Amino acid sequence: MQRKRSSAPSAKSLALALGLLTLSSCGIIRTTSSSEEDYQVVAVDWGPTQSTLEALIEREAPYASVLRGALDAELQLGAQSLTTRINATIVKGQTIYWSVVPFPLVEAARVWFTPEGVTVIDRMHGRYAEASFAELSRLLGFPLSYEDVEYLLLAKPNLGKGSMRLQSFRPTQAGATATFLDRDKHMLHMELNSKARLSEARYYQSTMHAAPLLTARYSYSAESMQRGLPEATTIVLQRGAGKGKSELSLDWSRLKRHEGALPDLTIKIKPSYERIDLSELVKLLSKL
């Protein structure tokens, strides 16, 4: 019975790790350099303006250079749901490392996002998958980079590679809305709250599509704003006609600025582990 119980959280935790690959594919985000000196809060007295938004897009991401902490994560795939703990380390612009721990002292999976690509290790079953972002882009059908993942998760407003152009900006009672288009008619809709924080981003395959392909929503507390982070992130992906939606929620409230020595974030895979093609694992995920 104990073997059976361990296998179930492992499969679901691997599904969570792989779900992140699909849920992080917006593909329109730009990279900037890091500096602890830029870790500050933008003061907005009367709500965001167009110039405020432009400054937020151009400026350094406001969170600290190194972040560490435990996350509460929930992944919903149709009727299936998984809630788990993730021990996270984020080195700004370089690495996102997650250790997926569904039960105390039980590490089911490890995930690395780096500029080179993504590696997922299923520790319970001795298998792994890795892929470059070029491979992921081909697999998912969207241009994808490390910066896409980091900025999407941590609510950094961005346009990416200068391809998007502002089409409209409108102040609202809650803050402001802005819509951007690129030459291929991909559309991005941003909503800012009264503190000029990104509260929602919707990505549309084109102006002809009424429903967004991906929606990211962000909530904040006074303490999280001081850290330059959202309190929580929820990402909803439309999985295609008739396939419903996938939803990932992450609670960042215990993610803190880290000072001092970093743990070893080197990707280490045991020689005995079996490599599985990422597309096979994505197919496995879609059947859960």
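A residue is called buried when its relative accessible area is under 20%, exposed when that area is over 50%, and partly exposed in between, using a 1.4 Å probe and protein chains only. W98 is a friendly place to start, because its relative accessible area of 1% makes it buried.

Before going further, a word on the model itself. This is a predicted model, in which local features need pLDDT of at least 70 and side-chain atom pairs count only at pLDDT 80 or more, while totals for chains, interfaces and linings use all residues. Residues are numbered from 1 along each chain as its sequence is written, and side-chain values use heavy atoms, with hydrogens and water left out.

How confident is the predictor? The score to know is pLDDT, the predictor's confidence in each residue, from 0 to 100. The protein averages a pLDDT of 80, and 76% of the residues score at least 70. Helices (H or I, at least four residues) and strands (E, at least two) are DSSP runs, numbered from the N terminus. Where pLDDT is low, the predicted coordinates should not be read in detail.

Now back to W98 and its surroundings. A nonpolar core is a set of buried Ala, Val, Leu, Ile, Met, Phe, Trp, Tyr and Cys residues joined through side-chain atoms within 4.5 Å. The largest such core has 54 residues, and W98, L153, F180, L250 and W252 have the most contacts inside it. Helix α4 (residues 146–154) gives this core its largest share, six residues. A second, separate core has seven residues, among them Y97, W112, Y128 and L265. As for W252, contact means heavy atoms within 4.5 Å; beyond its neighbours within four places in sequence, W252 touches residues including L71, W98, L153 and A232.

Which rings pair up? Rings of Phe, Tyr and Trp (its six-membered ring) pair if their centres lie within 6.5 Å; planes under 30 degrees apart count as stacked, over 60 as edge-to-face and the rest as tilted. The structure holds two aromatic pairs. In one of them, Y97 and W112 are tilted, 5.1 Å centre to centre with 45° between the planes. Y97 lies in strand β3 (residues 95–101) and W112 in strand β4 (residues 109–114), so this pair ties together parts that are 15 residues apart in sequence. Y97 and W112 are both buried. W98 and F113 form an edge-to-face pair, at 6.1 Å centre to centre and 80° between the planes. F113 is buried too, with a relative accessible area of 2%.

Finally, follow the strands further along the chain. Two strands pair if DSSP finds at least two bridges between them. Strand β11 (residues 214–219) pairs with β12 in the antiparallel sense over six bridges, with Y218 opposite T233. On β12 (residues 232–238), five of the seven residues are buried. β12 also pairs with strand β13 (residues 245–251), again antiparallel, over seven bridges, and here A232 stands opposite D251. T215 belongs to β11 and counts as buried at 7% relative accessibility. Leaving aside neighbours within four places in sequence, the contacts of T215 include T234, I235 and V236.
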